[in-house]
Amino acid sequence: MQEIWEILKTLDYSPLWISLKTGLVATVICFFLGIWTARSVMRMGKRAKAFVDGLLTLPMVLPPTVAGFFLLLIFSLRRPIGSFLYEELSIKVVQTWLGCILAAGVISFPLMYRNARAAFEQVDIELIYAGRTLGMSESAIFWRVVLPSAGPGVVSGTILTFARALGEYGATSMLAGNIAGKTGTISQRIAMVIQNGDYLTAGLWVAIILLISFGIVVVMNLFADAKMKHIKKW
Amino acid sequence: MSLSVQIAKRLQGFTLNISFSAEAGVTALLGASGSGKSMTLRCIAGVEKPDEGSIVLDGRVLYDSKAKIDLPPQARKVGYLFQRYALFPNMTVLQNIDAGLSLERDAHARKTKRESLISRFHLEGLEERVPRELSGGQMQRVALCRMLAGEPEAILLDEPFAALDSHLRWQMEAEVKQTLAEFPGVALLVSHDRGEVYRMSRRVCVLNMGASEPLLDTAELLDRPRTLQTALITGCKNCVPAEMIAQSTVRIPDWNAALGCVPTKGGSITHAGIRAQYISPCEPGTENALLCRVADAEDDVFSRVLTLKPAGGTATLRAEVGKAAGEALCIGSEAWFCLPKEHIMLLSETHEN
């Protein structure tokens, strides 16, 4: 017990903050981008929809290292786009926190997009028609009618997106690397200390990420449940 | 105040082809389910787009495919009462009504309007409830209130009583009727119920597989339908092929009968019909009497429904007689039945236009 306390006192907590920050920023970006993409895909024709949906879902079904490979292909400083971004705009993705966000965002995006789309497709079209005939603007209809109606799906999408982004490992390690205090996330720290045979520290980090992920999911579930108490259970 | 609609739209299975012009007051669109009634309303409201045609409300062009005019629903000033009300489930009654006041920018005016609407529709005390906490009648009142809040120039009612129980129906029909009487503009009522149409509207347009028939007075439509389709949609159970054999005599082979009738002008007669409630037992020798065998008889709520087989005929007739008169007519018995000539409807199968 004394030993654990000693480790906790001297532990470098930077992975915790980096993971939380990454998860949060990636979730905010995915929230808006996912909703916007869901709406755009819904408006597409049948074939375009099947194609684009497939493309957007790929990061969810492929190993994260595949996403990492493509991200490196784009953003590596030795590649045209990557070098252009760095030289012309001073934007560096590889080995930076931006890379963490990008990797986590790309991997967790399908969760937001798919949940949002499924939720929007369930919204009763008559509600939207009613809003239009009543003179509500399209944006008012979206934020005040569609989004609340699609609430459950959007909330669960957001929860899953955050949980996924928080724990992202594969693509992050390839794109952002594991630079302590900069890009070293909890999942990468766990892998690193395990390699050094330090099971106690690894266990502590496992406990921390377990607590956070589980806690957030439970709290958001409770919150979502309270908001949807009128929905009948089956 | 007038609304003229002339639209065509290809739908699954048939083409919507609507043409009518409604004046202020209630005009009904009567048709079987799937005949394109709701789609017509949606095109007028602007939430669906016709393939071609024009919609003009009081000189204001809402839609014109040739002139490439297609006003968004928000700018049409057309109210829509949805079949299941489409109240916003996440908003309170007050917020729902406020949604109807979206176009009113002035907060003070909005408050005044909102308050007068709430008292007009007897919604005091329900302001903070959400739709799922309301009864069917209250929901309809909120929906009416919300629709009228934006002061539309025309209102469209899509099967307004379909979601209500029969005892509530009567009460709400009376309330809606009063609301409609106070409404100065054009009101379109969509229904598949001839009784509702008869009670609520003065003019009616029949829709048959997406095609509209000429506008008629409601009373005329029910008493003197001119086409077979209209007779069927208005609930005529006895419609059979027929031919005119004299100025005022119609021959009906299926019933093995030649019946006296009141001649109509124009149109080639292909069918004849009579409503079930006009057929009654009579003495032999009465004008337009048929000897029939009672093939089947069953009790309805307030009448006895008989299936009659005329002597020598191939088709059956359906008659609804009073319970007292029907008692004696058991299955298998033979009796004379009168088909009064003023109730014989002479019909043509083709559309008049």
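These exercises work through the helices, sheets and chain contact of a predicted model.

Residues count from 1 along each chain as its sequence is written, chains are lettered from A and ligands numbered from 1 in the order in which they are written. In this predicted model, local features need pLDDT of at least 70 and side-chain atom pairs count only at pLDDT 80 or more, while totals for chains, interfaces and linings use all residues.

**Exercise 1. Describe the make-up of chain A and the confidence in it.**

Step 1. Count the elements. Chain A has twelve helices and zero strands. Helices (H or I, at least four residues) and strands (E, at least two) are DSSP runs, numbered from the N terminus.

Step 2. Take the extent. Along the principal axes, the C-alpha atoms of chain A fill a box of roughly 65 × 50 × 30 Å.

Step 3. Read the confidence. pLDDT is the predictor's confidence in each residue, from 0 to 100. Its mean over chain A is 84, and 95% of the residues reach 70 or more.

**Exercise 2. Find what chain A brings to its contact with chain B.**

Step 1. Count both sides. Chain A gives 15 residues and chain B gives 20 residues. Two residues are in contact if their C-beta atoms, placed from the backbone, lie within 7 Å.

Step 2. Assign the chain A side to elements. Helix H7 (125–133) and helix H8 (138–149) of chain A are the elements that give two or more residues. H7(A) has the largest share, seven residues.

Step 3. Sort by class. The chain A side holds eight nonpolar, five polar and two charged residues. Here Ala, Val, Leu, Ile, Met, Phe, Trp, Tyr, Cys and Pro count as nonpolar, Asp, Glu, Lys and Arg as charged, and the others, Gly among them, as polar.

**Exercise 3. Classify the packing of H4(A) on H6(A).**

Step 1. Get the geometry. Helix H4 (residues 64–75) and helix H6 (residues 97–122) of chain A pack at an angle of about 130 degrees, with axes 10 Å apart. Axes are lines fitted to C-alpha atoms, for helices over the stretch in contact, and angles run from 0 to 180 degrees between N-to-C directions.

Step 2. Name the angle. H4(A) is therefore oblique to H6(A). Angles under 35 degrees count as roughly parallel, over 145 as roughly antiparallel, 65 to 115 as roughly perpendicular and the rest as oblique.

Step 3. The crossing of H4(A) and H6(A) is right-handed. A crossing is left-handed if the near helix is turned anticlockwise from the far one by less than a right angle, and right-handed if clockwise.

Step 4. List the residues. From H4(A) come Pro64(A), Ala67(A), Gly68(A) and Leu71(A); from H6(A) come Leu102(A), Ala103(A), Val106(A) and Ile107(A). The contact has seven nonpolar, one polar and no charged residues.

**Exercise 4. Do likewise for H3(B) and H5(B).**

Step 1. Helix H3 (residues 93–100) and helix H5 (residues 136–149) of chain B pack at about 30 degrees, with axes 7 Å apart. H3(B) and H5(B) are therefore roughly parallel.

Step 2. The crossing of H3(B) and H5(B) is right-handed. On H3(B), residues in the contact include Ile97(B) and Gly100(B); on H5(B), they include Cys145(B) and Arg146(B).

Step 3. By class, there are seven nonpolar, two polar and one charged residues.

**Exercise 5. Trace strand pairing in chain B.**

Step 1. Take the open sheet of three strands. Its order is E13-E17-E23, with antiparallel pairing. Strands pair if DSSP finds at least two bridges between them. E13 (238–241) and E23 (345–347) stand at the edges, each with a single partner, so one side of each lacks a neighbour in the sheet. Neighbouring strands are turned by 25 degrees against each other on average, direction ignored.

Step 2. Zoom in on one pair. Four bridges join E13(B) to antiparallel E17 (residues 271–274). Pro241(B) stands opposite His271(B).

Step 3. Take the open sheet of five strands. The order is E18-E22-E19-E20-E21, again with antiparallel pairing. E18 (280–281) and E21 (317–322) are the edge strands. E18(B) pairs with E22 (residues 334–338) over two bridges, and Pro281(B) stands opposite Phe337(B).

Step 4. Finish with the hairpin. E4(B) and E5(B) have two residues between them, and Asp58(B) in the turn has a positive phi of about 55 degrees. Four bridges join E4(B) to E5 (residues 60–64). Ser54(B) has Asp64(B) as its bridge partner.
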